[in-house]
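Please consult the sequence and the coordinates alongside the text.

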Amino acid sequence: MSLGITQSPCRFDLKYNMHSATTTKTENDKTFKMGTATREATGSGDGKNIGVMAIGGQAYLAQYSENSTPSKPIVKVGNYEVSVNDVDPENATEIEMFALMSHLDKTGQSKNEGMSSFSKMRSYSQQAERNGFCNGIADTKEAWNSKRNWTEIIENARQTYSQSLIPEVYALTRKCDNLLDVMYKWIEGIK
């Protein structure tokens, strides 16, 4: 399903990817290792989108799997499912964090307002990447199989924002704190 963008100034078409996890790696590729909370989809989505993200020229939708239950939420992303209860923000892929943050937003556990929690996380992570703390944020090759400590990444961005003399940038310190509070609360609940 196309988003309706046929010619964009960025010279690529953005399309919803409902069929494959990635176009750069396959399960037959020995370097392809999904996160431990991720597996091939065994069911279809429920048709209700709880999140959207883009990696490269692909947009991915998050939907609850038909196998999902309130006590064992499963979020479908492309042809894969993420067992939300198994996602550890201190050791998760970007796709797993997309599923987790979409779930936390949908259920109100993130107490999020405005932009999605995942979008905020990625934005702050890109600051940490500019700081040289990490690399490959929003990279198609990394999103499915590179586990990261997202709390450390957000902490790094928070330190940068807290040193700013610009009030609008300094205000991002509190937004990082809010996101970290959500992550730490989740971690406490799963351990």
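## Overall architecture

How many helices and how many strands are there in the protein? The protein has 6 helices and 6 strands. The model is a predicted one. Read from the N terminus, the order of the elements is β-β-β-β-β-β-α-α-α-α-α-α.

The chain has 191 residues, of which 46% count as buried. Among the contacts with a separation of 6 or more, 61% are accounted for by residues 24 or more positions apart.

## Confidence of the prediction

The average pLDDT of the protein is 81, and 75% of the residues score at least 70. Of the elements, helix 4 has the highest mean pLDDT, 97, whereas strand 1 (residues 15–16) has the lowest, 35. The pLDDT is below 50 over residues 1–32, a stretch that has 57 contacts in the model beyond near neighbours in sequence.

## Aromatic pairs

The count of aromatic pairs comes to 4. One of them joins Phe98 and Phe118: the ring centres are 5.2 Å apart and the planes stand at 65 degrees, so this pair is edge-to-face, given that planes over 60 degrees apart are classed in that way. The pair links distant parts of the chain, with Phe98 in helix 1 (residues 94–107) and Phe118 in helix 2 (residues 117–130), 20 residues apart. Phe98 counts as buried because its relative accessibility is 1%, and Phe118, with a relative accessible area of 3%, is buried too.

Another edge-to-face pair is formed by Tyr124 and Tyr161, whose ring centres lie 6.0 Å apart with planes at 75 degrees. Elsewhere, ring pairs link Tyr60, Tyr80 and Trp144 into a cluster.

## The largest pocket

The volume of the largest pocket is about 300 Å³. Its lining consists of 13 residues, and those closest to the pocket centre are Ser110, Lys111, Asn178, Leu179 and Val182. Which element gives the most to the lining of the largest pocket? Helix 6 does, with 6 residues.

In composition, the lining of the largest pocket divides into 6 charged, 5 polar and 2 nonpolar residues.

Is Ser110 buried or exposed? With a relative accessible area of 9%, Ser110 is buried, since the cut-off for that class is under 20%. Lys111, in contrast, counts as exposed at 70% relative accessibility.

Apart from neighbours within four places in sequence, Ser110 is in contact with Leu104, Asp105, Ser117 and Val182. Val182 is also among the residues closest to the centre of the largest pocket.

## Backbone angles and a loop contact

Most residues other than glycine have a negative phi. Lys111 has a positive value, with phi near 50 degrees. Ala138, also a residue other than glycine, has a positive phi, near 65 degrees. Ala138 is in the loop between helix 2 and helix 3, and at 21% relative accessibility Ala138 counts as partly exposed.

Asn149 has its place in the loop between helix 3 (140–143) and helix 4. Which residues does Asn149 touch, not counting residues up to four places away in sequence? Asn149 touches Pro89 and Glu90. The C-alpha atoms of Asn149 and Asn91 are separated by 5.1 Å, although these residues are 58 residues apart along the chain.

Terms used:
Residues numbered from 1 in each chain as written. Predicted model: local features only at pLDDT ≥ 70, side-chain atom pairs only at ≥ 80, totals over all residues. Heavy atoms only, no water. Phe/Tyr/Trp six-rings, centres within 6.5 Å; stacked < 30°, edge-to-face > 60°. Helix = DSSP H or I, 4+ residues; strand = E, 2+ residues; numbered from the N terminus. Buried < 20%, exposed > 50% of the residue type's maximum accessible area, 1.4 Å probe, protein only. pLDDT = per-residue confidence, 0-100. Contact = heavy atoms within 4.5 Å. 1 Å grid on protein atoms, 1.4 Å probe; cavity = no way out; pocket = protein on both sides within 12 Å on 5 of 7 lines; lining within 4 Å. Points joined across faces, edges and corners; volume = space filled by probe spheres on them. Nonpolar A, V, L, I, M, F, W, Y, C, P; charged D, E, K, R; others polar.
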